[in-house]
Amino acid sequence: MQISSCRIKQALVVKIEGELDHHTADAVRERLDSMLEDPSIKYMIFDLSQLKFMDSSGIGVFIGRYKVVSQRGGAVSVVYVTPQINKVLEVSGLYRIIRKYDSIEEALSAVGGCDE
Amino acid sequence: MEVINEMRLEFPSKSQNESFARVTVAAFAAQLDPTLEEIADIKTAVSEAVTNAIIHGYENTIGIVTVIAKLYEGKIEIEVIDEGKGIEDIEKARQPLYTSKPELERSGMGFTVMETFMDEVEVISAPGQGTRVKLVKYLKSAGGELRRNDGQG
Ligand SMILES: Nc1ncnc2c1ncn2[C@@H]1O[C@H](COP(=O)(O)OP(=O)(O)OP(=O)(O)O)[C@@H](O)[C@H]1O
Ligand SMILES: [Mg+2]
């Protein structure tokens, strides 16, 4: 499990690599929450291109972070979602609160994070 | 229906074994020539059931989780068994969004995921008697057909 991030204005682009299940969820949650200690972050964009597996434990992780940033008037989005993960996000109804984009650029421009 | 092959796994309820269990069952299921999507479905459902056994069945104690998989022509049957605390109201437990552990950021979607990804989900449980979750998936892939016609094309 590896997490890397990149700050672009009010948005944090977070890449999660590996598998997100109950075993790894605590470590992921801790890393994300320490990033969110910076109150100027309003948007989280998750790059899931290198996430090989996710089950309902991941749903809890995304909902928890959504609660934090939505309090700040922000939002959570996901990009490069692979089929297995897409199916989990779909059945759990997560797309009612987080948005999916085809690319980081698209997700960033949706939150006004790119200088045009 | 005749069992083609079967296997049994037993391991302590440690979270490291969640990935071990789902990967092992998926590798075993590969004998039926499932599609990539079917393999991913099986992995996800097994992960849900095993995680439930560890988190809810045994809570903070260590017990044995048993996984049995049986292969049939075009069908896989998986049982995930714990001897933990059991479920009082199975119908309520299976409802989307119901969780007894919201404080752990559980979403209550595990059973819903199992039901969506598999064709049949049967839950046998009683308080203090442990839980047995039976997952069945019919494989749409023509693997079985193809094998029977081996050597003719
Ligand atoms: N093996 C088990 N032993 C005891 N209780 C269980 C077991 N499996 C499920 N349950 C009960 O059923 C409820 C619903 O399970 P489900 O997997 O749908 O959601 P969850 O595990 O709470 O959350 P999620 O799977 O989304 O992280 C659990 O909260 C728990 O109370
Ligand atoms: Mg669960």
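The legends below describe close-up views of a predicted model.

**View 1. Ligand 1 and the residues around it.**
Ligand 1 sits in the largest pocket. Because the residues surrounding ligand 1 come from chains A and B, the site is shared between chains.

**View 2. Polar neighbours of the oxygen atoms of ligand 1.**
On the chain A side, an N or O atom in the side chain of A:S56 is 2.8 Å from an oxygen atom of ligand 1. On the chain B side, an N or O atom in the side chain of B:N52 is 2.8 Å from an oxygen atom of ligand 1. A backbone group also takes part: a polar backbone atom of B:M109 is 2.7 Å from an oxygen atom of the ligand. Ligand 1 has 600 Å² of accessible area on its own, and the protein covers 96% of it.

**View 3. A:S57 in helix α2 of chain A.**
A:S57 belongs to helix α2 (residues 56–71) of chain A. Its relative accessibility is 1%, so A:S57 counts as buried, the limit being under 20%. The side chain of A:S57 reaches the backbone nitrogen of A:H22 at 3.1 Å. Leaving out residues up to four places away in sequence, A:S57 touches A:D21, A:H22 and A:A25 in chain A, and B:T51 and B:R106 in chain B.

The buried residues are B:G110, B:F111, B:T112, B:V113, B:M114 and B:F117. Their cover includes elements of both chains: α2 and α3 (83–91) of chain A, and α2, α3, β4 (120–125) and β5 (131–138) of chain B.

**View 4. B:T112 within helix α4 of chain B.**
B:T112 is placed in helix α4 of chain B. With a relative accessible area of 12%, B:T112 is buried, because this value falls under 20%. Not counting residues up to four places away in sequence, B:T112 touches A:V91 from chain A, and B:R94 and B:P96 from chain B. B:R132 is 20 residues from B:T112 in sequence, and their C-alpha atoms are 16 Å apart in space.

**View 5. Two non-glycine residues of chain B with positive phi.**
B:E59 lies in the loop between α2 and β2 (64–72) of chain B. Although B:E59 is not a glycine, it has a positive phi of about 45 degrees. B:E59 counts as partly exposed, at 34% relative accessibility. B:L97 is found in the loop between α3 (90–94) and α4 of chain B. B:L97 is not a glycine either, and its phi is positive at about 75 degrees. The relative accessible area of B:L97 is 63%, so this residue is exposed, the limit being over 50%.

**View 6. A:Q50 in a loop of chain A.**
The loop between β3 (43–47) and β4 (51–54) of chain A holds A:Q50. A:Q50 counts as partly exposed, at 29% relative accessibility. Apart from neighbours within four places in sequence, A:Q50 is in contact with A:K15, A:I16, A:E17 and A:G18. A:Q2 is 48 residues away from A:Q50 along the chain, and the C-alpha atoms of the two are separated by 9.6 Å.

**View 7. A:R31 in helix α1 of chain A.**
Helix α1 (residues 22–35) of chain A contains A:R31. At 39% relative accessibility, A:R31 counts as partly exposed. A:S4 lies 27 residues from A:R31 in sequence, with 9.7 Å between their C-alpha atoms.

Conventions. Residues numbered from 1 in each chain as written. Chains lettered and ligands numbered in written order. Predicted model: local features only at pLDDT ≥ 70, side-chain atom pairs only at ≥ 80, totals over all residues. Heavy atoms only, no water. Helix = DSSP H or I, 4+ residues; strand = E, 2+ residues; numbered from the N terminus. Buried < 20%, exposed > 50% of the residue type's maximum accessible area, 1.4 Å probe, protein only. Contact = heavy atoms within 4.5 Å. Near = heavy atom within 4 Å. Polar contact = N/O pair within 3.5 Å; in protein donor to acceptor, adjacent residues only side chain to side chain. Areas by Shrake-Rupley, 256 points an atom, 1.4 Å probe, with all protein chains shown as cover. 1 Å grid on protein atoms, 1.4 Å probe; cavity = no way out; pocket = protein on both sides within 12 Å on 5 of 7 lines; lining within 4 Å. Sits in = over half its atoms within 2 Å of the grid points.
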